[in-house]
Amino acid sequence: MSEYALRPAEVADAEAMIAVTFEGFESYRSFAPPEWSPPSADEELERLRVLLPDDEVWYHVAEREGELVGHVGFLPAHRTHWGADDASLAHFRQLFIARAHWGSGLAATLHAAAVEEAAARGFTAMRLYTPAGQARARRFYERAGWTLARPPAFEAHIGLDIAEYRRSLLQ
């Protein structure tokens, strides 16, 4: 893992983060309906520009040889459009790795950093949403201690069935 440098994300990273995210979204075409389109890149770019400087939001990026190749982030669950009444619940917002770095161990490293930081901030649990058809991601999360919290359901924003996972942060 020494080939990757991890650091806090900055607003200046937003466009590179979007590029990695949308490369990941393109992989959804293998299981999405033929008419599916990813969410708006412009909307996500604006969302990141608001989230990244926010002290309640945590994002880290991974670079290799000066190129941003992955990122991970979380925020308090009550701050998402899904909401939550539980102030101890963090929402694991994103984990995207450039396809050329899949299988490198980078996803596990970024995941572990986010889980560790969420616990350090006093959260006792995390939740995430991932496409139900994204078998590779679902296997990754299940190996990392996440459990399916409820059956997948259609999520209009992303236009796919989404599975909700939860993970305790208590030792």
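Does Val 61 count as buried or exposed? At 0% relative accessibility, Val 61 counts as buried, where buried means under 20% relative accessible area, exposed means over 50%, and partly exposed is in between (1.4 Å probe, protein chains only). Before going further: this is a predicted model, so local features need pLDDT of at least 70 and side-chain atom pairs count only at pLDDT 80 or more, while totals for chains, interfaces and linings use all residues. Residues are numbered from 1 along each chain as its sequence is written, and side-chain values use heavy atoms, with hydrogens and water left out.

- Val 61 sits in strand E2; helices (H or I, at least four residues) and strands (E, at least two) are DSSP runs, numbered from the N terminus.
- Leaving aside neighbours within four places in sequence, Val 61 is in contact (heavy atoms within 4.5 Å) with residues including Ala 5, Leu 6, Pro 8, Met 17 and His 71.
- Val 61 and Glu 15 are 46 residues apart in sequence, and their C-alpha atoms are 12 Å apart in space.
- Met 17 belongs to helix H1 and is buried, with a relative accessible area of 0%.
- With neighbours within four places left aside, the contacts of Met 17 are Ala 9, Leu 48, Leu 52, Tyr 59, Val 61, Leu 68 and His 71.
- One of those contacts, Leu 48, is 31 residues from Met 17 along the chain, with 8.8 Å between the C-alpha atoms.

**The largest pocket**

- The volume of the largest pocket is about 1100 Å³.
- Here's how that works: on a 1 Å grid over the protein atoms alone, a pocket is an open set of points with protein on both sides within 12 Å along at least five of seven lines, whereas a cavity is a set where a 1.4 Å probe fits but cannot get out.
- Grid points are joined across faces, edges and corners, and the volume is the space filled by probe spheres set on the points.
- The lining (residues with an atom within 4 Å of a point) takes in 45 residues, with Tyr 28, Gln 94, Leu 95, Phe 96 and Tyr 141 nearest the centre.
- H1, H2, E4, H3, E5 and H4 each supply at least two lining residues, and E4 gives the most, with seven.
- By type, the lining splits into 22 nonpolar, 14 polar and nine charged residues; Ala, Val, Leu, Ile, Met, Phe, Trp, Tyr, Cys and Pro count as nonpolar, Asp, Glu, Lys and Arg as charged, and the others, Gly among them, as polar.

**Ring pairs**

- Rings of Phe, Tyr and Trp (its six-membered ring) pair if their centres lie within 6.5 Å; planes under 30 degrees apart are stacked, over 60 edge-to-face, and the rest tilted.
- That rule gives 12 aromatic pairs.
- Phe 74 and Phe 123 have ring centres 6.1 Å apart and planes at 85°, so they're edge-to-face.
- Phe 74 is in strand E3 and Phe 123 in the loop between H3 and E5, so this pair ties together parts 49 residues apart in sequence; both residues are buried.
- Trp 82 and Tyr 129 are stacked, because their ring centres are 4.2 Å apart and their planes at 25°.
- Trp 82, in the loop between E3 and E4, and Tyr 129, in strand E5, are 47 residues apart.
- Trp 82 is partly exposed at 33% relative accessibility, while Tyr 129 is buried at 17%.
- Ring pairs also join Phe 22, Phe 25, Tyr 28, Phe 31, Trp 36 and Phe 96 into a cluster.

**Nonpolar cores**

- A nonpolar core is a set of buried Ala, Val, Leu, Ile, Met, Phe, Trp, Tyr and Cys residues joined through side-chain atoms within 4.5 Å.
- The largest has 27 residues, of which Phe 74, Phe 92, Leu 95, Met 126, Tyr 141 and Trp 146 touch the most other members.
- H3 provides the largest share of this core, five residues.
- A second, separate core of 24 residues includes Phe 22, Leu 45, Leu 51 and Leu 52.

**Two more residues**

- Glu 65, in the loop between E2 and E3, isn't a glycine but has a positive phi of about 50°; Glu 65 is exposed, at 75% relative accessible area.
- Arg 127, in strand E5, is buried at 2%.
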